[in-house]
Amino acid sequence: MSDAREILLTNDDGIDSPGIRALYDALSEVGNVTTVAPADDQSAVGRAMTYEVPVAEHELGYALEGTPSDCVVAGLAELGPYPDIVVSGCNEGANIGAYVLGRSGTVSAAVEAAFFGVPAIAASLHVPQSEWPRDTEPAEYEEVAEAVKYLVERAPDAGVFEDAEYLNVNAPLPTEGHTPMVVTRPSHVYDMDATEEDGVVTLHDRTWQQMDSDSLPDPEGTDRRAVYEGKISVSPLTAPHTTERHEALDDLAERY
């Protein structure tokens, strides 16, 4: 398989999580997989970096005592063959909505790859709030792993990454039959608040409760709506923050 794709695999749940095992098994069918993943859970660390991280060999590849972004930089620059594509996941819990993108370690690994100019896919599995938290099984990730394998095989040659730097994939728990895939945009719904009691402030993300309700405020075409309706959501995204010129700011700068 000399012409097989070189794939760098990482995640934020840790190298021993069931989701990364499912992706490793699926992607090994279509490419040479090098795994460089955190040694332990690094959920919601965003693009935090450690800069100096111990590394140990693991049956799947390498375990780093650092963040997902650490893993991508280490994998690309030092530990593995330079990849054709980076895959991050599969995360236990969805990463949907615009507000999650900068917070998620899973998505941040894909963003880190994008700044290297390497196409990337972030993948997550939605676990309903009514069942959270619970231990997931590798078999529950097989369907989303197949979807990611499909994209790894076809998206680069189809020109997908000429317009998108990375894809954010979110899937519902598998059911009987085939789950359709739809192209989406990140939802802009935001519902967080905080409460204080006895000197402790607790943050509440109420968007997940909405996913278990009979109605959802998200419009058609959004990632949350797709997963809510039992579909695999694929959002094509760009990593660099765009800048736009505004006359109001131009005027302020000129008058300074």
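Residues are numbered from 1 along each chain as its sequence is written, side-chain values use heavy atoms, and hydrogens and water are left out. Because the model is predicted, local features need pLDDT of at least 70 and side-chain atom pairs count only at pLDDT 80 or more, while totals for chains, interfaces and linings use all residues.

A cis peptide bond links G89 to C90, with omega at about -5°. C90 belongs to strand β5, which covers residues 85-92; strands here are DSSP runs of E with at least two residues, and helices are runs of H or I with at least four residues, both numbered from the N terminus. A cis peptide bond also connects W132 with P133, where omega is about -5°. P133 sits in the loop between β6 (120-125) and α4 (142-158).

The other features concern phi. A44 is not a glycine, yet its phi is positive, at about 60°. This residue is placed in the loop between β2 (31-38) and β3 (55-58). With a relative accessibility of 53%, A44 counts as exposed, a class that requires over 50% relative accessible area, whereas buried means under 20% and partly exposed lies in between (1.4 Å probe, protein chains only). Y51, likewise a residue other than glycine, has a positive phi near 75°. The loop between β2 and β3 holds Y51, and Y51 counts as exposed because its relative accessibility is 74%.
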